[in-house]
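Here is a briefing on one protein model and its ligand. It covers nonpolar packing, ligand contacts and salt bridges, in that order.

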Amino acid sequence: MLPSVLPTESDHVPVLADEIVARLDPRPGETVIDGTFGAGGHSALLASRLKGQGKLIAIDRDPSVTPYFDRLRRSTSLKMRLLSGEFSTVLEQLSSNGVRADAILLDLGVSSMQLDRPERGFSYAVDAPLDMRMDPSAEYSARELVNESDERELADIFKRYGEERHARQIARAIVRRRGSRPFERTGDLAETIKAAIPAPARFGEGHPAKRVFQALRIEVNDELGAVERALPAALEMLRPGGRLAVISFHSLEDRIVKQFLRKQEGGCTCPPDFPVCVCGSEPVLRASPRRAIRPSAAEVARNPRAQSARLRVGIKVG
Ligand SMILES: C[S@@+](CC[C@H](N)C(=O)[O-])C[C@H]1O[C@@H](n2cnc3c(N)ncnc32)[C@H](O)[C@@H]1O
């Protein structure tokens, strides 16, 4: 049997793929950065538009994407590099080394391979070690978070990142249970969450542990902090006319991207009652289109994971 890290039929399906290719519109000779390589679905489409001329720089903090990268590299004569690390750090380093890009993609969140491999500990549906690190060498996993945070911190995380209505009851139940035995496995945690919420709420939308698992994952991987740091670095790297596309799956991520685009296209930051501009700030980015692009009903029917996707695109002003 093939080791599970090799590409399989159940690989991640790229979300909003046609829209990404149309909006990033890579042309031969350009430099494209895919900050969230995953299974390389978007990268493969973008690479094919470069027609062997130009460069593709792939980034991922999960080293298990390497076989996917190798597979793509074997299929093209394009110059390609895979940089392992957190995208905001890698983009900052590339930028300070003078690397410039024509198109940058961030397809946020986790991949299907990460979610579907029980040993990664992302899933509430399968019992596995509690982990949730996208980068398995990172120090801090969901195990430490769940066993070491105080009750109030846990409740805040569940509320903020999971919009969990029963955040306080769940946090209290976790702290009570870990007093006798620390959490080691996703199954124990999912059971504790289920038992902590009122019986009618257990039969609401989806699995009762879904929102708490999402919240833990966002916190463990500092997902929002990474986006906040990456956007200015990406903008800095873009050449005039360069395109930045970000796909978010969570309203807090989308808000960060939207506010960043608004700020960068705003230009003047003088108070509105100033008769003339004294700050001299010019718009540096144009959001195009103004609103987020959402997947079609047909795409959601084919790939239910696309349901909450929102794509925002900015073009650097030349
Ligand atoms: C939604 S998947 C991308 C799928 C990819 N677009 C494709 O078509 O296969 C997100 C990927 O980005 C990586 N990732 C998420 N946040 C990251 C970050 N801050 N730095 C580096 N990689 C990150 C994850 O490890 C995962 O492999």
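Contact here means heavy atoms within 4.5 Å. This is a predicted model: local features need pLDDT of at least 70, side-chain atom pairs count only at pLDDT 80 or more, and totals for chains, interfaces and linings use all residues. Residues are numbered from 1 along each chain as its sequence is written, and side-chain values use heavy atoms, with hydrogens and water left out.

- Phe158 touches Glu163, Glu164, Ala167, Ile170, Ala171, Ile174, Val212, Ala215 and Leu216, leaving aside residues up to four places away in sequence.
- A nonpolar core is a set of buried Ala, Val, Leu, Ile, Met, Phe, Trp, Tyr and Cys residues joined through side-chain atoms within 4.5 Å. Buried means under 20% relative accessible area, exposed over 50%, and partly exposed in between (1.4 Å probe, protein chains only).
- The largest nonpolar core has 63 residues, and Ile33, Leu94, Phe158, Leu189 and Leu231 touch the most other members.
- Helix H11 (residues 223–237) supplies the largest share of this core, 9 residues. Helices (H or I, at least four residues) are DSSP runs, numbered from the N terminus.
- Another core, of 29 residues, lies apart from it; Val15, Tyr68, Ala245 and Ile247 are among its members.
- In soluble globular proteins, nonpolar side chains tend to be buried together.

**Ligand site**

- His42 places a polar side-chain atom 2.8 Å from a ligand nitrogen atom.
- Phe87 has a polar backbone atom 2.7 Å from a nitrogen atom of the ligand.
- Gly41 has a polar backbone atom 3.2 Å from a ligand oxygen atom.
- The ligand taken alone exposes 600 Å², and the protein buries 98% of that. Areas follow the Shrake-Rupley method with a 1.4 Å probe; for residues, only the protein chains shown count as cover.

**Salt bridges**

- The structure holds 20 salt bridges, each a side-chain nitrogen of Lys or Arg within 4 Å of a carboxyl oxygen of Asp or Glu.
- Asp131 and Arg133 form one at 2.8 Å, N to O. Both residues are buried.
- Arg27 pairs with Asp25, with the closest N and O atoms 3.2 Å apart. Arg27 counts as partly exposed because its relative accessibility is 41%.
- A network of salt bridges links Asp25, Arg27 and Arg49.

Terms used: Helices (H or I, at least four residues) and strands (E, at least two) are DSSP runs, numbered from the N terminus. A polar contact is a pair of N or O atoms within 3.5 Å; within protein, one must be able to donate a hydrogen and the other to accept it, and residues adjacent in sequence count only if both atoms are side-chain atoms.
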